Every structure is written in C-alpha cells, then in structure tokens.
Amino acid sequence: MKTQYFTATSLDGFIATENDSLDWLFPLGDLNTSSYPKFIADVGALAMGSATYEWIVRNAEQVAAEAGSAWPYTQPAWIFSSRALPIIEGADIRFVNGDVRHAHAEMRAAAGTRNIWVVGGGDLAGQFYDAGLLDELIIQVGSATLGQGKPLFPRRVLSPVLRLVSVHQMGAGMAELRYEVHKGGVRGDA
Ligand SMILES: NC(=O)c1ccc[n+]([C@@H]2O[C@H](COP(=O)([O-])OP(=O)(O)OC[C@H]3O[C@@H](n4cnc5c(N)ncnc54)[C@H](OP(=O)(O)O)[C@@H]3O)[C@@H](O)[C@H]2O)c1
C-alpha cells in the first residue's frame, strides 16, 4: 500500500492558474495515455483539498459529460476543509479538518491493500510529505508555462532529493515522471 500524489503540472510548476482554471491543461495530453488507467485501478481511497473539490462542484456538467456522473470516483474520498462545503449527490465523501495523520489512518483502513491517492493541491500533498506519509509523486509535466498559479509541491526536498524511477513521453505535450520519496530525508528549510 502506497500513498501517491498523482497530478499534472505546467512546466514551471503550477497545477492550476491562480483562479483555479485547468483549461490550459486538457489540450496538452490524453490522460488515458498516461499511467492513469492502471493507477486508478489500484486506488482504494483518495484525499483532496477544498479548492480541488470546489473545482469539481463548479464543473459538474463537464465532469458528468466525461465521467458519466458529477462525482467521478468510486473510491471513498476525504475532503480537507475548515468550511462547510456543498455535497455532491452520490459521492462517497467525508469532510475532515486538520492533521492529515488522522485522516490517513482512516484512509488506510478503508483502502486495505490498495493505494491512497492524494489528488491535490500541492500543499496538501506537502502535509502528507511533512508527516512522512508520502511514498511517490507521479507527475505529468505539460509543455506549457503559466508564469504563476497554484503550486505543484511547495516544499523544499533536499538531502536526499526525490528518486526518479521512470520517465514516459506522452507525445509532444507531456511527459510523465515517477518519483519515490526517500524516507528519513531532511524536511523544511534545510
Ligand atoms: N493539474 C492537476 O492535475 C490538478 C490536480 C489536482 C488539483 N488541481 C487544481 O489545483 C488547484 C489546487 O488548489 P489549492 O492549491 O488551493 O489546493 P487544495 O488542496 O485543493 O485546496 C486548499 C484548501 O484546502 C483546505 N485545506 C488544506 N489542507 C487542509 C487541512 N489539513 N485541514 C483543513 N483544510 C485544509 C484549505 O481551505 P479551507 O479550509 O478554506 O477549505 C486550503 O486553502 C485547484 O484548482 C484544483 O482544481 C489540478
């Protein structure tokens, strides 16, 4: 069982524009040519922050057109927020607030032998990293730059750096990079 941060990013390290648009992302590559189909089959629970959840709420029609329903996941999901958020009908979700270690224990119990997907955003993935709970980053790097936006992973990872384990080209618009986190590395402003 692994805890994995699987996401797409611009070349300059942003997963969304500053106003949470993903319109720049979709033309860059087809998710089905990434490791996503195999990846999602092994996911048993997922976590996301409120901005990521609210993007799904705002884009319910687009999500339903592509995924067949307004909530695209069959796995149980933990939504991190300090606020009351709207509930998407039919979604297996629970809202949580605070230390990711508590939610991680619940996700682990729900996932069994399958993996935990940290959907985003970057700081939430960083909170799992800070707690020593993040095992892998699987990142589709797009051939586009945004200049500014929501950061991919706002942490300093040094000594040791992440371990690059695979590179997969997805046409001219994207490359998928898979990294393992060295456990016991230096965290914070080292
Ligand atoms: N490129 C991609 O593949 C990809 C993947 C995922 C997401 N995205 C997009 O990227 C953007 C991510 O937005 P974001 O960087 O703002 O991150 P986010 O994690 O989606 O949302 C951040 C918010 O979640 C809440 N939160 C985070 N940690 C928490 C905790 N431990 N306890 C309670 N609440 C917590 C806080 O808001 P409140 O407390 O105010 O609710 C925080 O401001 C979204 O637009 C999303 O759609 C893109």
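**Domain, helices and strands**

Mentor: Over residues 5-174 the chain is 26% helix and 28% strand, with the end C-alpha atoms 17 Å apart. Please keep in mind that this is a predicted model.

Trainee: What does UniProt place at residues 5-174?

Mentor: The unreviewed UniProt entry gives that range as "domain: Bacterial bifunctional deaminase-reductase C-terminal".

Trainee: How many helices and strands are there in the protein chain?

Mentor: The protein chain has 5 helices and 10 strands.

Trainee: And what is its radius of gyration?

Mentor: The value is 16 Å, which agrees with the figure near 16 Å for a compact globule of 190 residues. The C-alpha trace spans about 45 × 40 × 30 Å along its principal axes. Of the 190 residues, 32% count as buried. Among contacts between residues at least 6 apart in sequence, 78% join residues at least 24 apart.

Trainee: Let us move to α4. Which of its residues are buried?

Mentor: Val100, Ala103, His104, Met107 and Ala111 are buried in α4. Seen down the helix axis, these buried residues fall within an arc of 105°, so they line one face of α4.

Trainee: Why do residues three or four places apart point the same way?

Mentor: An α-helix has 3.6 residues a turn, so residues at that spacing point the same way.

Trainee: Which exposed residues does the face of α4 turned away from its buried side carry?

Mentor: That face carries His102, Ala105 and Ala109.

Trainee: What do the buried residues of α4 pack against?

Mentor: They pack against the strands β3 (43-49), β4 (77-80), β5 (93-96) and β6 (115-120), and against helix α5 (122-130). As for its length, α4 covers residues 100-111 and reaches 16 Å from its first C-alpha to its last, close to the 16 Å expected for its 12 residues. Just after α4, Gly112 takes a positive phi of about 65°.

Trainee: Is α3 buried or in the open?

Mentor: Of the 8 residues of α3 (residues 60-67), the number buried is 0, so this helix lies largely in the open. Gly68 follows α3 and has a positive phi, near 95°.

Trainee: Changing topic, which strands pair with β10?

Mentor: Strand β7 (residues 136-142) pairs with β10 (residues 174-180) in the antiparallel sense over 7 bridges. Strand β9 (residues 163-170) also runs antiparallel to β10, joined by 7 bridges.

Notes. Residues numbered from 1 in each chain as written. Predicted model: local features only at pLDDT ≥ 70, side-chain atom pairs only at ≥ 80, totals over all residues. Helix = DSSP H or I, 4+ residues; strand = E, 2+ residues; numbered from the N terminus. Expected span 1.5 Å × (residues − 1). Buried ≥ 20, exposed ≤ 12 C-beta atoms within 10 Å, placed from the backbone. Arc of directions from axis to C-beta. Contact = placed C-beta atoms within 7 Å. Pairing = 2+ DSSP bridges. UniProt positions renumbered as here; feature names shortened; annotations may be inferred. Rg over C-alpha atoms; globule rule 2.2 N^0.38 Å.
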